[in-house]
Amino acid sequence: MLKSPTTGVSGSPLLSDRMVQRVTAALLVLYCGAQVVTIVTRIASGTDTESSSESMAMIAANHSWYMASKIANLVAAFLLLASGILIYRVFRPFDQTLALLASAFFAVAASLWLLSSLAGLAIAEVIGGSSGPTATYIAGSQSPAFNAIEPVRAIAGRVGFTAAALALAFLGILIALARPMPRWFGWAALPTAVAMLFIWDPEASAMHRIGGAALLLWFLAVAAWLALKGVSPRDQGAVQLENDC
């Protein structure tokens, strides 16, 4: 008589903890690379102006650069979403609550940056590419679609930046207290998160730019540690904050 196949699933994961840490490191590096491309292409597009009409003219004149910046930001958002999920997997053994909060806020940041990127692509679709007299005409005209979409794009970007700052703060506290890696990683994350919160102060734009750059450097440092040394709850310096059920 034939036996029915078992429905149980093996408890052995396809990816080991060490492999998950290396994949997380690779995703963080790719995220930083995508963000650098976003920043460079956004600067090249020249669309960061105070006047909406000037921004529309620059989008029309430098349409390819503007599109590249939004596509790169879209890619970065997907990479951050994946990284945030794996960050929970990496740091969960040290404290499940803080790891979950960090992962959740990284996911919120990624989702809002996806929305911001899609809004930017919609603006690029509405305005289209042009130069010379056409761009000059756009600079003197008003686009209802641009005026409706641009505030959503800008606000989604700011709220996403804030969510990323909160995620960094939670992860920094976890590292500083549980010590899955050197404690200075955690302490360095906290002032970086505070600097990022200045995104809401137009008079302190330099602060949030410093915070954004520091975030990328912090991600690269964490990625290097995960790739080369890794973390383990059995390390001598680790403190298990999570209660065993």
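In which sense, left-handed or right-handed, does helix 4 pass helix 6? Helix 4 crosses helix 6 in the left-handed sense; a crossing is left-handed if the near helix is turned anticlockwise from the far one by less than a right angle, and right-handed if clockwise. The model is predicted, so local features need pLDDT of at least 70 and side-chain atom pairs count only at pLDDT 80 or more, while totals for chains, interfaces and linings use all residues. Residues are numbered from 1 along each chain as its sequence is written, and side-chain values use heavy atoms, with hydrogens and water left out.

Helices here are DSSP runs (H or I, at least four residues), numbered from the N terminus. The axes of helix 4 and helix 6 come within 7 Å and cross at roughly 160°, where axes are lines fitted to C-alpha atoms over the stretch in contact and angles run from 0 to 180 degrees between N-to-C directions. The two helices, helix 4 and helix 6, are therefore roughly antiparallel, a term for angles over 145 degrees; those under 35 count as roughly parallel, 65 to 115 as roughly perpendicular and the rest as oblique. Their contact comprises 31 nonpolar, four polar and two charged residues. In this classification Ala, Val, Leu, Ile, Met, Phe, Trp, Tyr, Cys and Pro are nonpolar, Asp, Glu, Lys and Arg are charged, and the others, Gly among them, are polar.

Helix 6 (residues 144–178) also packs against helix 8 (residues 205–228), at an angle of about 50° and with the axes 12 Å apart. That angle makes helix 6 oblique to helix 8. The crossing of helix 6 and helix 8 is left-handed. From helix 6, Phe161, Leu168, Leu171 and Ile175 meet His208, Gly212, Leu215 and Trp218 of helix 8, contact meaning heavy atoms within 4.5 Å.

On a 1 Å grid over the protein atoms alone, a cavity is a set of points where a 1.4 Å probe fits but cannot get out, and a pocket is an open set with protein on both sides within 12 Å along at least five of seven lines; lining residues have an atom within 4 Å of a point. The largest cavity holds about 30 Å³ of space, a volume being the space filled by probe spheres set on the points, which are joined across faces, edges and corners. Leu171 and Trp218 are among the residues that line this cavity. Helix 8 gives the largest share of that lining, four residues.

The largest pocket has a volume of about 1,500 Å³. Of its 41 lining residues, Arg42, Asp48, Arg153, Ile199 and His208 lie nearest the centre. Helix 6 supplies the largest share of the pocket lining, nine residues. By class, the lining of the largest pocket has 17 nonpolar, 15 polar and nine charged residues.
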